Amino acid sequence: MKKLCLMMLAAITAGCTPLAADYASSVRAKRKSVSAARSQSAPADRMVLAGSNGSFFRAEAGRQMAYTAGFTLQVKLASAAHGEVKKLAESLGGYLVSSRNNNMKIKIPVKKADEFLNTVKKSGKLRDFHISAEDLTDTITDLNVRLDNLKKFRTRLTELLSKTLRVEEILKIERELNRITTEMERLTAQLQNNRTRVDFVTFEVKLLEQHGALPGGNPAAVANFGFLQLFADDKIAGNEDEPLFGLDIPAGFVATRTGKITTQDVFAATSADDCIFRTWETDIPAESTLKFWEQLVCRALNIYNGYGNIKAEAVKFNGADAVKITADVLTDSGILKYLTVISVKRHKICDDELQVIEFFGPEAAFEKNLKTVTTLIQK
């Protein structure tokens, strides 16, 4: 027995054990079995796209799939929809992971994921749905094999410890037991994390408010003023050397003259992250009201560029009455956000002028530059 103890201790000291070969053999056998099963079945990504058996979240038999999905939910009131979506998730055994700026991360049991997706539509209009999957079958199999072998090794070391009398040998075995226990805890945590990813679908939900109907009126009214097509047109070039209305160029923006030439006086600048800042003015009929142009600009944004979530509020610009209009639109590349401030400059002996400040771009870049631009406008 003493000879056996010395052989085990020598193996421990050398950093290998008789179980190493068994472990490697077990892993290879498992992987070979998994690969053989995979070769006889359809690719997992094809299953995801097809939505087998009418479900987006049903894997092939024997597969361990981790699903991630997301969508934009267009709603009337984001705060109310937030509560509805959270309550729905909890009723299905899920939970809210995080929430920030109307962006929610939610975990839903995979067996309830289709029900969640179908029911959440009652809270608003579902747009931009996407889904992806990661096959964790091999990862989970490997973790189980490694844990099983470590458990066997720990049992054999424990038995050896009870038969060992020398203090030096006992200390070596205890150190190895501590190392194995720590490794088992680490692998157990990894296994639990992967099983949770398989058992729960992670949903990224963005709540997007849609504020009522656009101002009414005959659609032909917008077509009567061709310059309304210039709003939110990212191809309009600048023909002025500096911003109009006494404004400065926002920090991080550079003037640009490439694009479509118009008869209006235009200053255009762009940022490195694809935001556009523009100032321009155009002649309008005398005595037309700011409210009239507010209505037509709102409608033009929707008719010509598909913008929604349109809001208008009264503000001041250069001491005069003005209107700030915000909107957004969902495109293939993500959400674009838009802001314009319009005001009317009166003239006694000629046409009045509509003064326009525009700022728009991809959502993340827009939010990053928003404070800089609004500070300039509010001076």
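**Pocket**

Which element gives the largest share of the lining of the largest pocket? I looked it up, and helix 10 does, with seven residues. Before going on, I noted that this is a predicted model, where local features need pLDDT of at least 70, side-chain atom pairs count only at pLDDT 80 or more, and totals for chains, interfaces and linings use all residues. Residues are numbered from 1 along each chain as its sequence is written, and side-chain values use heavy atoms, with hydrogens and water left out.

My helices (H or I, at least four residues) and strands (E, at least two) are DSSP runs, numbered from the N terminus. A pocket here is an open set of points on a 1 Å grid over the protein atoms alone, where a 1.4 Å probe fits, with protein on both sides within 12 Å along at least five of seven lines; lining residues have an atom within 4 Å of a point. Its volume is the space filled by probe spheres set on the points, which are joined across faces, edges and corners.

The largest pocket holds about 690 Å³ of space. I found 30 residues lining the largest pocket, and Lys311, Thr326, Lys337, Phe366 and Glu367 are the closest to its centre. Strand 5, strand 9 (308-317), strand 10 (320-331), strand 11 (334-345) and helix 10 (363-378) each bring at least two residues to this lining. Sorted by class, I get twelve nonpolar, seven polar and eleven charged residues in the lining. For that sorting, Ala, Val, Leu, Ile, Met, Phe, Trp, Tyr, Cys and Pro are nonpolar, Asp, Glu, Lys and Arg are charged, and the others, Gly among them, are polar.

**Aromatic rings**

Next I searched the whole structure for aromatic pairs and got 20. Rings of Phe, Tyr and Trp (its six-membered ring) pair if their centres lie within 6.5 Å; planes under 30 degrees apart are stacked, over 60 edge-to-face, and the rest tilted. I picked out phenylalanine 71 with phenylalanine 203, an edge-to-face pair at 6.2 Å centre to centre with 65° between the planes. Phenylalanine 71 sits in strand 1 (residues 65-75) and phenylalanine 203 in strand 5 (residues 200-209), so the pair ties together parts that are 132 residues apart in sequence.

Buried or exposed? I used under 20% relative accessible area for buried, over 50% for exposed and in between for partly exposed (1.4 Å probe, protein chains only). Phenylalanine 71 is buried at 2%, and phenylalanine 203 is buried at 0%. I also noted a cluster, linked by ring pairs, of Phe56, Phe57, Tyr67, Phe71, Phe116, Phe129 and Phe203.

**Helix 9 and the cysteines**

I checked the length of helix 9 (residues 290-305). Its expected span is 1.5 Å times one less than its number of residues. For 16 residues that should be 22 Å, and the end C-alpha atoms are 22 Å apart, which agrees. Among the buried residues of helix 9 are Trp293, Glu294, Cys298 and Arg299. After helix 9 comes glycine 306, with a positive phi near 75°.

How many disulfides does a search of the whole structure find? I got zero, taking a disulfide as a pair of cysteine sulfur atoms within 2.5 Å. Cysteine 275 is buried at 0% relative accessibility, and cysteine 298 is buried at 4%.

**Positive phi**

Most residues other than glycine have a negative phi. I noted aspartate 128, not a glycine, with a positive phi of about 55°. Aspartate 128 lies in strand 4 (residues 125-135) and is partly exposed at 41%. Asparagine 318 also has a positive phi of about 55°. I found asparagine 318 in the loop between strand 9 and strand 10, exposed at 53%.

**Contacts across the sequence**

Glutamine 64 lies in the loop between helix 3 (44-50) and strand 1, partly exposed at 30%.

Isoleucine 342, in strand 11, is buried at 0%. I have it 6.5 Å from isoleucine 357, C-alpha to C-alpha, and 15 residues apart in sequence.

Valine 329 is in strand 10 and is buried at 12%. My last entry puts 7.9 Å between the C-alpha atoms of valine 329 and asparagine 309, which are 20 residues apart along the chain.
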